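Subject: Handover of a structure and its findings

Dear colleague,

Please find the structure below for your records. My notes on what was found in it follow directly after.

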Amino acid sequence: MWHNRLRSAWLFIVPVFILAGCASPRAPTGGDKDEHPPVLIEAESTPNQQTNFKEKEIIITFDEWFTLKNVKAQLVVSPLMPEEPEIKQKGKSIIINLPDSLKEETTYTINFGSSIADLNEGNVLENFAFVFSTGAILDSVFITGKVVSAVTLKPVADVLVMLHPINKDSAVYKDKPEYVSRTDKEGRWKLENIRLDSFRVVALLDGNLNFLYDLETELFGWYELPLHTNQPKILLPEIILFPKERKSAIRDVLHDAPGWLKVVVDGPKPLKKPLLIPPIDNVVTAWDGDTIHFWYSKDLDYRGEAVLNNDTSIVQAAKSTKAKRPGMRITNLTGKLPPFGTARLHSAIPFSSVDTSRITFVVDSSKSVAYNLRIDSLDPRVLLVESQWKLNTNHYLTFLPQALENVLGDQNDTIRTSVQVADLDAFGNLTIKVSGLDSTMTYLMNLKSGDKLIQTYLIKKLKNTVLLKKSLLPGKYSVELIEDINENGFWDTGDYQEKRQPERKMIFELESLRAAWEVESSITWQ
């Protein structure tokens with residue numbers, strides 16, 4: 001569920017550590033199964049929670065043999081030290097060699113995360129931390145929170161939550177933070193022993209482990225308000241982690257034969273259409289994922305430029321003067337069709353004309369039936385077929401030679417296909433009642449089955465509404481409700497430089513839909 005505003009806190013992770021082992025101890029055999037992690041032996045260890053700390057070496061001793069697993073990724077040192085501490089294992093002890101020139105009057109925390117586990121059974125000692133202060137007091141402010149994905153609204157693990165100086169927005173790009181923490185598998189994080197001060201809180205899924213927001217692929221989030229550590233315990237709202245918006249650009253241009261040009265586009269949805277300079281007369285276009293097709297007269301071998309924003313790509317003459325394209329083929333996009341549904345037949349190249357006198361449409365392999373067939377105005381590669389369908393029956397379409405012609409002048413040989421119409425009881429109906437909306441806003445409601453988008457509804461300037469979807473196949477469905485701030489028909493991610501959070505959304509899992517069922521669900525925007 002999408003929550004309101006974000007907050008944060010920071011801690012610091014050390015990227016590289018030197019891990020050295022001495023002997024290779026053997027696990028003991030026999031006896032009861034060990035179900036407990038290693039236990040600290042205080043009498044043989046450097047005292048924890050010290051003030052006026054001057055030591056250069058810290059010794060941490062446990063009651064049994066242990067291993068340090070993935071300590072480079074798990075260890076978190078906060079605040080950051082001038083150099084990385086050296087971490088060694090010696091027998092049943094951890095030896096930490098501290099760098100010189102630690103800050104004065106500063107509380108340091110060395111947290112081992114999940115890296116310490118007993119040798120025999122692998123029982124993990126979670127979040128063991130050694131804390132000391134170079135001054136007379138231990139800082140004691142405790143901060144906690146959670147990080148969730150802006151896309152899925154689910155918790156995100158291994159995210160760095162960091163505290164930067166409050167007066168420097170550019171610090172996330174240029175400077176390492178003062179404090180760092182790492183989220184667990186539930187997306188939760190905590191920072192302990194923080195000083196009284198004011199900070200900016202950010203979250204980063206750090207792709208190159210340098211504590212800087214410097215990669216296009218890194219996920220980022222931030223708490224909008226300044227964090228003042230003037231309370232002993234602080235619980236921050238969820239921080240929303242979002243991907244950086246991709247800028248529209250041309251990735252590739254494919255021009256294998258005259259009459260058919262393909263331009264591959266990178267960027268956020270809705271994808272922007274490149275311009276052809278000079279333009280082509282009577283061109284037909286259609287999107288196929290991230291590729292836009294331009295079909296034009298095969299007698300013209302186009303040369304020019306494809307332009308998108310500030311990105312320009314040269315369109316060379318076709319590699320071959322002979323068209324390399326598939327023959328006229330029909331793919332049936334329709335699965336089990338409801339009795340009042342519309343069948344969809346697809347071809348790789350847009351249709352230009354249909355001669356219905358060369359088409360036969362029969363049921364039960366013999367009886368002709370009335371039908372309506374037309375080219376889809378939204379996608380000219382699709383033929384739409386409507387009829388008074390007979391339940392639980394196959395309907396057969398035959399396209400005789402030259403019944404179809406595409407924009408490149410190709411005509412078909414004989415093509416046969418069929419449409420299977422199911423009984424109405426094979427489907428279910430879904431009614432969704434939506435409430436709690438802001439009547440001044442526009443919302444999008446995406447009905448989905450898994451990752452597949454079934455339908456998008458536009459809800460504009462309404463406080464409550466009811467949406468009905470008939471003839472759905474049985475299964476599990478979800479609803480994604482989006483506050484469409486810019487009314488572009490898509491969910492938009494955030495932008496830290498523009499101080500713009502991602503568009504808010506909520507995700508609802510609906511009751512499973514069964515055949516011949518009517519399911520009514522109520523969802524409330526919060």
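The largest pocket has a volume of about 1,400 Å³. A pocket here is found on a 1 Å grid over the protein atoms alone, as an open set of points where a 1.4 Å probe fits, with protein on both sides within 12 Å along at least five of seven lines; lining residues have an atom within 4 Å of a point. Grid points are joined across faces, edges and corners, and the volume is the space filled by probe spheres set on the points.

Please note that this is a predicted model, in which local features need pLDDT of at least 70 and side-chain atom pairs count only at pLDDT 80 or more, while totals for chains, interfaces and linings use all residues. Residues are numbered from 1 along each chain as its sequence is written, and side-chain values use heavy atoms, with hydrogens and water left out.

The lining of the largest pocket comprises 40 residues, of which Lys269, Asn446, Lys448, Glu480 and Trp491 are the closest to its centre. At least two lining residues come from each of β21 (260-266), β38 (442-449), β39 (452-460), β41 (478-483) and β42 (505-509); strands are DSSP runs of E with at least two residues, numbered from the N terminus. β39 gives the largest share of this lining, with four residues.

Trp491 also has a charged neighbour: the charged end of Lys505 sits over the ring of Trp491, 4.6 Å from its centre. For this, NZ of Lys or CZ of Arg must be within 6 Å of the ring centre and within 35 degrees of the ring normal. The charged end of Lys244 sits over the ring of Tyr213, 4.6 Å from the ring centre. Tyr213 belongs to one aromatic cluster with Tyr173, Phe220, Trp222, Phe242 and Tyr496.

Rings of Phe, Tyr and Trp (its six-membered ring) pair if their centres lie within 6.5 Å, and planes under 30 degrees apart count as stacked, over 60 as edge-to-face and the rest as tilted. By this rule there are 20 aromatic pairs. One of them is the edge-to-face pair of Phe62 and Phe128, at 5.8 Å centre to centre with 70 degrees between the planes. This pair links distant parts of the chain, 66 residues apart: Phe62 is in the loop between β2 (57-61) and β3 (66-68), and Phe128 in the loop between β9 (124-125) and β10 (129-133). Phe62 is buried at a relative accessible area of 1%, and Phe128 is buried at 13%. Buried means under 20% relative accessible area, exposed over 50% and partly exposed in between, with a 1.4 Å probe and protein chains only.

Turning to the sheets, three strands form an open sheet in the order β40-β37-β43, with mixed pairing; two strands pair if DSSP finds at least two bridges between them. β40 (465-472) and β43 (518-524) are at the edges with a single partner strand each, so one side of each has no neighbour in the sheet. β37 (residues 428-435) and β43 run parallel and are joined by seven bridges, and Ile432 stands opposite Ser521 in β43.

A further open sheet of three strands has the order β22-β25-β26 and antiparallel pairing. Its edge strands, β22 (275-277) and β26 (311-315), each pair on one side only. Three bridges join β22 to β25 (residues 304-308) in the antiparallel sense, and Ile277 stands opposite Glu305 in β25.

With kind regards
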